[in-house]
Amino acid sequence: MLDAGESIKALSEYLGHHDPGFTLRTYTHLMPSSGTRTRAAVDRVFRDGEPADDGPETAQGSE
C-alpha cells in the first residue's frame with residue numbers, strides 16, 4: 001500500500017498500529033522502488049524548477 005502511494009497514517013490505522021512510526025520501521029524495507037521514486041521526484045524539482053535567485057552567483061553580486 002505504501003509503494004502504491006497510500007499514506008503511512010492510513011496504512012497504520014488499517015493495520016491497527018497506534019504509531020505510524022512503528023509501521024514505517026516495520027515495513028519500509030519492503031519498498032524496493034522508494035529509492036527510484038525519490039530520485040525521480042528530486043530530478044523533477046530540478047528540471048521543472050525556475051532559476052533560483054540565490055546561490056554563488058548572487059552571493060558574489062553581479063555589478
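Colleague: Thr23, buried or exposed?
Modeller: Thr23 is buried, at 0% relative accessible area. Buried means under 20%, exposed over 50%, partly exposed in between, with a 1.4 Å probe and protein chains only. Bear in mind that this is a predicted model: local features need pLDDT of at least 70, side-chain atom pairs count only at pLDDT 80 or more, and totals for chains, interfaces and linings use all residues. Residues are numbered from 1 along each chain as its sequence is written, and side-chain values use heavy atoms, with hydrogens and water left out.

Colleague: Where does Thr23 lie?
Modeller: In helix 2. Helices are DSSP runs of H or I, at least four residues, and strands are runs of E, at least two, numbered from the N terminus.

Colleague: And what is Thr23 in contact with, leaving aside neighbours within four places in sequence?
Modeller: Ile8, Leu11, Ser12, Leu15, His17 and Thr28. Contact means heavy atoms within 4.5 Å.

Colleague: At what angle do helix 1 and helix 2 pack?
Modeller: About 90°, with the axes 9 Å apart. So helix 1 is roughly perpendicular to helix 2. Under 35 degrees counts as roughly parallel, over 145 as roughly antiparallel, 65 to 115 as roughly perpendicular, and the rest as oblique. Axes are lines fitted to C-alpha atoms, for helices over the stretch in contact, and angles run from 0 to 180 degrees between N-to-C directions.

Colleague: Which residues meet there, from helix 1 and helix 2?
Modeller: Helix 1 brings Ile8, Lys9, Leu11, Ser12 and Leu15. Helix 2 brings Pro20, Thr23, Leu24 and Tyr27. The contact divides into six nonpolar, two polar and one charged. Here Ala, Val, Leu, Ile, Met, Phe, Trp, Tyr, Cys and Pro count as nonpolar, Asp, Glu, Lys and Arg as charged, and the others, Gly among them, as polar.

Colleague: New topic. How many helices and strands in the protein?
Modeller: Four helices and zero strands. Of the 63 residues, 10% count as buried.

Colleague: Which elements have the lowest and the highest mean pLDDT?
Modeller: Helix 4 (residues 56-60) has the lowest, 63, and helix 1 (residues 8-15) the highest, 92. pLDDT is the predictor's confidence in each residue, from 0 to 100. The protein averages 77, and 71% of the residues score at least 70. Where pLDDT is low, the predicted coordinates should not be read in detail.
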